[in-house]
Amino acid sequence: MTFRSLKWVLVAEMALGSLYVAMTRGVFLVYLAEKGLDLAGIALVSLGSGVLFTAIGVTVFKRPGVLSKKFKLKLISAHGLERLTWVPLGLADDVLLLTVFYTIYSTFQAIASLGMSLVIFGSFDEEEIRDVVARRVASGAAASILGRGLVTALLGFLEGYGKYHALFLLGSGAGLLSTALMMTQDLSHLESLQIPRVVEERGRIFAASTFQLALLASGALFSMAWTPFLMQGLGYPAYLAAAMGLVGTASSVFGVPFWRHISPKKYKVALLINSAVPLSVILSGAAWFQLSLSAISAFSFSGASLLGTYLFAKYNRWLGAVRSSALALSVGGMAQLVASGLGMLLDSLFGHAFAIAAALKLSAFALTALMIPEVALVPPHLARAYANAAYGATLMGYRVSVAITKETLFAVLRMLALTFTLLTLYVIYRTLSLLLLW
Amino acid sequence: MLRQLAQELIELTPRIFLALAALTSTIVAIKIVNFYLRKLLSFSKVDEAVERFFGSKPPLAPSSIIVGAADLGLGFIGVYLVLSVLLPRDLLVKVDAAAVYVARVLSVLAMIGFVLFTFNMLMSRIKVETKLKSYMTFVSFLLATALLIDVVALSDPVKEALVSGLAIGIGISIAVFATWWFFADYIERYIKSLERRQD
């Protein structure tokens, strides 16, 4: 089944969405920092949205029915409300109120991104999914450059908190245009989608999810440590750090179409190049070197992430579109959690952060080389066997650790209950003795 | 006379009502504490834990003992409150003294119970010879007697003399027992060698 107009609407939606993200979420952390929230607070905000993404993803994975009924209504509502939440977010002054609104925003964002994944996974075949995702990434990156330019100009011209309110309102408006675009589409084919009763090839799905988790977590951790390293460690001015982001985005505009036309087997090369970047950062402090690295990093990362998309699109037939989208969302959430947790732990230990990011990327490479039959270096049957063995071992470890945790928790609660009982006895007899001695 | 009776009734009524209120609150408190303790104890699975530890079901379930002790304590509090409302001050002082004495007797009984229970448990769990069994019963009896002396109505010097005598007796008997327990073989061999030399 082909949906030509849907494909273009999805690409345009991404472009408008990126414009909206650049003007809202892109400046939100700066806004929070200006409001007085410290680094730990900011990391906690990001950690919280990671938890929400994972929780919503896991819920929908376990009960796919909750999303597939009245799908369009749910998608449009979440899509629109996510954008509208920026209006109160811009007006709220209290940090606590901001956190509440941000949590509401994150919930809508998780549902909307889940819905958008479902539109893609549920409407196209493997080849088209890769095509749509590649076009969306490219259009998103191009729009993001435009958005960043606009943000820089507005932040320069306006003063006080009013500039943020204006940006949030403007971004929200651009975002609502993308919602309107989605409203024009007929999504009836996604109503009550067939959901496979039994999930087949769990080992392969596990390997692909672990690969995606390692890749996304390493990407998030690396970008989390790189900019502060340049500014604090190498003394770069803010504009150079911003230029790094711009170069990276521009590089992915070209990177995605390039990798799109290359066989997925070669995506391993992109991953290998990407693994070398975190270790190369410390080789030279020269601006041209760091800017080149940014370009290489974004270019290779777009190839590596296309591998994830390719695998999820391929495994769609075993998981079903809803579960594929839910799994992608929860893996993304978990990656955010891992990166934020590590970021909080490592704080300003940039060398450690780069080493861990490189190790994660190399682990992702090892996974592709050994466990993912579609692109493995070993024969496919061996890769399948490795994937199944890893899945079995992890599942057993997970079950054992859950059982031990449960048992320990119950033992502690039982001891607490007994302590409360004995405390009650003590209170009774102490009261009695006080009454007698009084 | 009727007037005096009415006057006394008028004076007593608030106290009676207060005493009734104290009794009612005690009953309600017992009910609530009972419910809450039973829930906590059933969750903590203390009976199963004790059973697993001792290898058999104890004659009285520990959870019932705990709940019973709590009820008893609350009951005592209730009774004391009622008495403190109804009785005059000088009589209440005597009640206090009596209560302290009863508490001492109860604690002595509890201690005796504990000593006997522990010895009994030890004897049932360890394979003990008849001689050793009777020795342990003897020691537990001496210990119980020493505890009982604390609550009997004897003069203090007599109590002191009795307790010291018992303590010395228990100490010596334990020392003799330990010597026999650890060195019985050597002593036996030594006596036999002495006998052989005499022959």
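A:Ala270 counts as buried because it has 23 C-beta neighbours inside 10 Å; the cut-offs, with C-beta atoms placed from the backbone, are 20 or more other C-beta atoms within 10 Å for buried, 12 or fewer for exposed, and anything in between for partly exposed. The model is predicted, with local features requiring pLDDT of at least 70 and side-chain atom pairs counting only at pLDDT 80 or more, while totals for chains, interfaces and linings use all residues. Residues are numbered from 1 along each chain as its sequence is written, and chains are lettered from A and ligands numbered from 1 in the order in which they are written.

**A:Ala270 and helix H12**

A:Ala270 lies in helix H12 of chain A. Helices here are DSSP runs of H or I with at least four residues, strands are runs of E with at least two, and both are numbered from the N terminus. Leaving aside residues up to four places away in sequence, A:Ala270 touches A:Trp259, A:Ser300, A:Gly303 and A:Ala304. Contact means that the C-beta atoms of two residues, placed from the backbone, lie within 7 Å.

**Helix pairs in chain A**

Axes are lines fitted to C-alpha atoms, for helices over the stretch in contact, and angles run from 0 to 180 degrees between N-to-C directions.

| Pair | Angle | Axis distance |
|---|---|---|
| H10(A) (residues 202-233) and H16(A) (residues 350-370) | about 155 degrees | 8 Å |
| H12(A) (residues 267-280) and H16(A) | about 165 degrees | 8 Å |
| H8(A) (residues 126-157) and H9(A) | roughly 150 degrees | within 9 Å |

With its axis at about 155 degrees to that of H16(A), H10(A) is therefore roughly antiparallel to H16(A). Angles over 145 degrees count as roughly antiparallel, under 35 as roughly parallel, 65 to 115 as roughly perpendicular, and the rest as oblique. The crossing of H10(A) with H16(A) is left-handed, a label for a near helix turned anticlockwise from the far one by less than a right angle, with clockwise giving right-handed. On the H10(A) side the contact includes A:Ala207, A:Phe211, A:Ser218 and A:Phe229, and on the H16(A) side it includes A:Phe350, A:Ala357, A:Leu360 and A:Ala364. The residues of this contact comprise 17 nonpolar, five polar and one charged. Ala, Val, Leu, Ile, Met, Phe, Trp, Tyr, Cys and Pro are counted as nonpolar, Asp, Glu, Lys and Arg as charged, and the others, Gly among them, as polar.

A:Ser218 gives a close view of this pair. The residue belongs to helix H10 of chain A and is buried because 28 C-beta neighbours fall inside 10 Å. Excluding residues up to four places away in sequence, A:Ser218 is in contact with A:Ala357, A:Leu360, A:Lys361 and A:Ala364. A:Ala357 is 139 residues from A:Ser218 in sequence, yet their C-alpha atoms are 4.5 Å apart.

H16(A) also packs against H12(A), and these two helices are therefore roughly antiparallel to each other. Their crossing is left-handed. Among the residues that make the contact are A:Lys268, A:Leu271 and A:Ser275 of H12(A), and A:Ala357, A:Lys361 and A:Ala364 of H16(A). By class, the residues of this contact are 11 nonpolar, three polar and two charged.

H8(A) and H9(A) are roughly antiparallel too, but H8(A) passes H9(A) in a right-handed crossing. Here A:Val151, A:Leu154 and A:Leu155 of H8(A) meet A:Lys163, A:Ala166 and A:Leu167 of H9(A). Five of the residues in this contact are nonpolar, none is polar and one is charged.

H9(A) spans residues 162-183, 22 residues in total, and reaches 31 Å from its first C-alpha to its last, close to the 32 Å expected at 1.5 Å a residue. The expected span is 1.5 Å times one less than the number of residues. Buried residues of H9(A) include A:Tyr164, A:Phe168, A:Gly171, A:Gly175 and A:Met182.

**The two chains**

Chain A has 17 helices and zero strands. Of its 438 residues, 45% are buried. Among contacts in chain A with a separation of 6 or more, 85% join residues 24 or more positions apart.

Chain B has six helices and zero strands. Buried residues form 9% of its 199 residues. For contacts in chain B with a separation of 6 or more, 68% involve residues 24 or more positions apart.

Between the chains, 13 residues of chain A are in contact with 19 residues of chain B. The chain A side of this contact divides into nine nonpolar, three polar and one charged.
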